[in-house]
Amino acid sequence: EAQCNRGQAYRDWGLVTEALSDFTACVNADSSHTSAFHLRGFLQFGLGRHWDCARDCARVLELDPKHKDSLYLRGLALHNLGQARAAVQVYDKAVALYPEDPFWFHRECLLMLHHHLEAPVHAMNWDRLFDPYFKEAWCKRSSPAALLRRGYTPQGGLDPTIPDVPVGPTAAPVLPQPAAALIRAADR
């Protein structure tokens with residue numbers, strides 16, 4: 001537990017390598033340490049390592065299927081990875097467990113995005129796509145039930161003709177050399 005707390009302090013101080021090392025040591029020492037898995041997943045998410053975050057949160061959810069923060073983080077990670085179907089499943093589970101939580105708004109945003117993936121970017125205006133009451137309720141973290149009572153119509157399901165982002169070695173884009181060099185420099 002002390003090492004996990006130290007990892008949290010390192011993360012708060014921006015010492016990412018040390019924090020990751022402490023969290024990893026905790027999960028290696030105790031594979032049922034939900035806090036260490038969750039904190040490591042949270043750190044991974046902040047680093048843009050969404051697959052690693054999703055895996056750590058999946059482990060937390062194996063141990064504690066109602067772990068609210070890991071449901072939220074796993075849904076967001078899968079959402080960011082373009083795994084819409086898996087993200088909607090996580091959001092649906094979260095909404096079933098915590099109906100008054102903002103999970104519902106993230107699910108709606110994902111579905112709205114998915115419905116417009118094939119539209120040209122120059123033709124889209126996100127501000128006009130979303131109902132003004134939806135935007136207000138999301139910003140104020142109001143109850144989804146109150147929004148529905150106002151007449152908001154939830155997004156339909158996923159379009160089966162639009163696939164999720166491919167997973168695996170072929171999913172990585174080939175970047176021009178200058179862009180790849182910038183990314184490598186930023187990762188250091």
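Buried denotes a relative accessible area under 20%, exposed over 50%, and partly exposed in between (1.4 Å probe, protein chains only). The model is predicted: local features need pLDDT of at least 70, side-chain atom pairs count only at pLDDT 80 or more, and totals for chains, interfaces and linings use all residues. Residues are numbered from 1 along each chain as its sequence is written, and side-chain values use heavy atoms, with hydrogens and water left out.

**View 1. The aromatic pair of Tyr72 and Phe103.** Because Tyr72 belongs to helix α5 and Phe103 to helix α7, the pair ties together parts 31 residues apart in sequence. Helices are DSSP runs (H or I, at least four residues), numbered from the N terminus. Tyr72 is partly exposed, at a relative accessible area of 24%, whereas Phe103 is buried, at 1%.

**View 2. The aromatic pair of Trp104 and Tyr152.** This pair is edge-to-face, with 5.8 Å centre to centre and 75° between the planes. Trp104 lies in helix α7 and Tyr152 in the loop between α10 (144-149) and α11 (177-187), 48 residues apart. Both Trp104 and Tyr152 are buried.

**View 3. The buried residues of helix α6.** These are Ala84, Ala87, Val88, Val90, Tyr91 and Ala94. The face turned away from the buried side of α6 carries exposed Gln89 and Ala96.

Methods: Helices (H or I, at least four residues) and strands (E, at least two) are DSSP runs, numbered from the N terminus. Rings of Phe, Tyr and Trp (its six-membered ring) pair if their centres lie within 6.5 Å; planes under 30 degrees apart count as stacked, over 60 as edge-to-face and the rest as tilted.
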